[in-house]
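Below are questions about how the labels on one structure are assigned. Each answer sets a value against its definition.

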Amino acid sequence: MDWPLSVALAQSVPELPTGTDWSYEVKLDGHRMIMWRTGDGVRLQARSGRDVTAAWGDLALAGHHLPAGTVLDGEAVITTEDGRISFEAAQARAASSPTRAHRLAAQRPAHYIAFDALQLPSGDVRPRPYSERRAALLNLLAELPANTPIQAVSATTDRDTALTWYTTLHHEQGVEGIVAKRATSPYRAGRTGGWQKVRHAETVDADVIGYTGPQTRPRTLAIRLPNGRTALTQTLSAPLAAQIAQVLVAAGPAEQGRTDTDETYTRVPSGLGVVEVLAGTTRHAVVTPVRLR
């Protein structure tokens, strides 16, 4: 298995799928991370492929308890004193120098919530069904010390239980949503593996700060949400794209920018407009444009 590894992604859906062959996992608002236990140490990989070991030294240290040849997929999370998951704390850690990250780790240690086993000492297990990978993950983590910060994500095969988690854990613990995976599905990079996700969302106004695609036919908008998060919206509808194109053409040329998740877009002058969006209440949530205000 070669570094860096392309991660599997879930497709956003309006509601959880039904059926006896689905498993449901809580979705946490942290930093996606691949944990590599090599023969001589531990390396931590971000979703983008960057090496982030230096910023998460406490998790790298914990990873030494794993057998050599293990590769896990999961989420690095940090909780506040009241037990809620804090993306802001995880973001601060990820953006820190090694020295500051060490200091932050002493104040708020991180946890690694693993949701998939990609490789075991016996070899690559990505082609195996999710149900087998899940069982292998649980068996693997059961052998770790009791106080390890590496834990398995909560999962259930009961849809009603998953819906209860979705309803109650958002406000109590900061859970972002639910991911559904077929028991028979292999691990595939991108959104080709059939994973589905539902997230909490609300309609808010967001400042338009840019766009992707040609000026005369924009594909998505770059926006700044009320909480300061910058993100790209989902693909614009044809009528909305035509309406926005008129404004963009009048605004003239612009330079390139990047969102919080390192996606590129073309900047536009401030004050160009406000778009009403259906936006998740957490960082990774899908942002659906509704209308230009």
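**Strands, rings and a helix**

Q: What makes β3 and β4 (residues 42–46) a pair of strands?
A: Two strands pair if DSSP finds at least two bridges between them. Strands β3 and β4 are joined by 5 bridges and run antiparallel, so they count as paired under that cut-off. A hairpin of 4 residues connects β3 to β4. Within this pairing, Ile34 has Gln45 of β4 as its bridge partner.

Q: What kind of model is this, and which residues count for which features?
A: The model is predicted: local features need pLDDT of at least 70 and side-chain atom pairs count only at pLDDT 80 or more, while totals for chains, interfaces and linings use all residues. Numbering starts from 1 along each chain as its sequence is written, and side-chain values use heavy atoms, with hydrogens and water left out.

Q: What makes a stretch of chain a strand or a helix here?
A: Both are DSSP runs, numbered from the N terminus: a helix is H or I over at least four residues, a strand is E over at least two. Strand β3 covers residues 31–37, and helix α2 covers residues 87–94.

Q: Which strand does β3 pair with through 7 bridges?
A: That strand is β5, which runs antiparallel to β3. In β5, Met35 is partnered by Leu72 and Ile34 by Asp73. Strand β5 (residues 70–77) also pairs with β6 (residues 111–120), again antiparallel and over 7 bridges. There, Gly74 stands opposite Ala114 of β6.

Q: Why is β3 called largely enclosed?
A: Buried means under 20% relative accessible area, exposed means over 50%, and partly exposed lies in between (1.4 Å probe, protein chains only). In β3, 7 of the 7 residues are buried, so the strand is largely enclosed by the rest of the structure. Both faces are covered: His31, Met33, Met35 and Arg37 are buried on one side, and Arg32, Ile34 and Trp36 on the other. Strand β5 is mostly covered, with 8 of its 8 residues buried.

Q: Is Trp36 buried or exposed?
A: Its relative accessibility is 7%, so Trp36 counts as buried. Trp3, at 26%, counts as partly exposed.

Q: Why is the pair of Trp3 and Trp36 called tilted?
A: A pair of aromatic rings is described by the distance of the centres and the angle of the planes. Rings of Phe, Tyr and Trp (its six-membered ring) pair if their centres lie within 6.5 Å; planes under 30 degrees apart count as stacked, over 60 as edge-to-face and the rest as tilted. The centres of Trp3 and Trp36 are 5.5 Å apart and their planes at 50°, so the pair is tilted. It links distant parts of the chain, since Trp3 lies in the segment before β1 and Trp36 in β3, 33 residues apart.

Q: What makes the pair of Tyr187 and Trp195 edge-to-face?
A: The planes of Tyr187 and Trp195 are at 80° and the centres 5.7 Å apart, and an angle over 60 counts as edge-to-face. Both residues are buried. Ring pairs link Phe115, Tyr187 and Trp195 into a cluster.

Q: How do you know that Arg43 lies over the face of Trp3?
A: A charge sits over a ring if NZ of Lys or CZ of Arg is within 6 Å of the ring centre and within 35 degrees of the ring normal. Arg43 lies over the face of Trp3 at 3.7 Å from the ring centre. Lys181 lies over the face of Trp195, also at 3.7 Å from the ring centre.

Q: Why are the buried residues of α2 said to line one face?
A: The buried residues of α2 are Phe87, Ala89, Ala90 and Arg93. Seen down the axis of α2, they fall within an arc of 160°, so they line one face of the helix. The arc is that of the directions from the helix axis to the C-beta atoms.

Q: What is the order of the open sheet of 5 strands?
A: The order is β1-β11-β10-β2-β9, with mixed pairing. The edge strands are β1 (11–12) and β9 (155–156), each of which pairs on one side only. Strand β10 is mostly covered, with 7 of its 8 residues buried.
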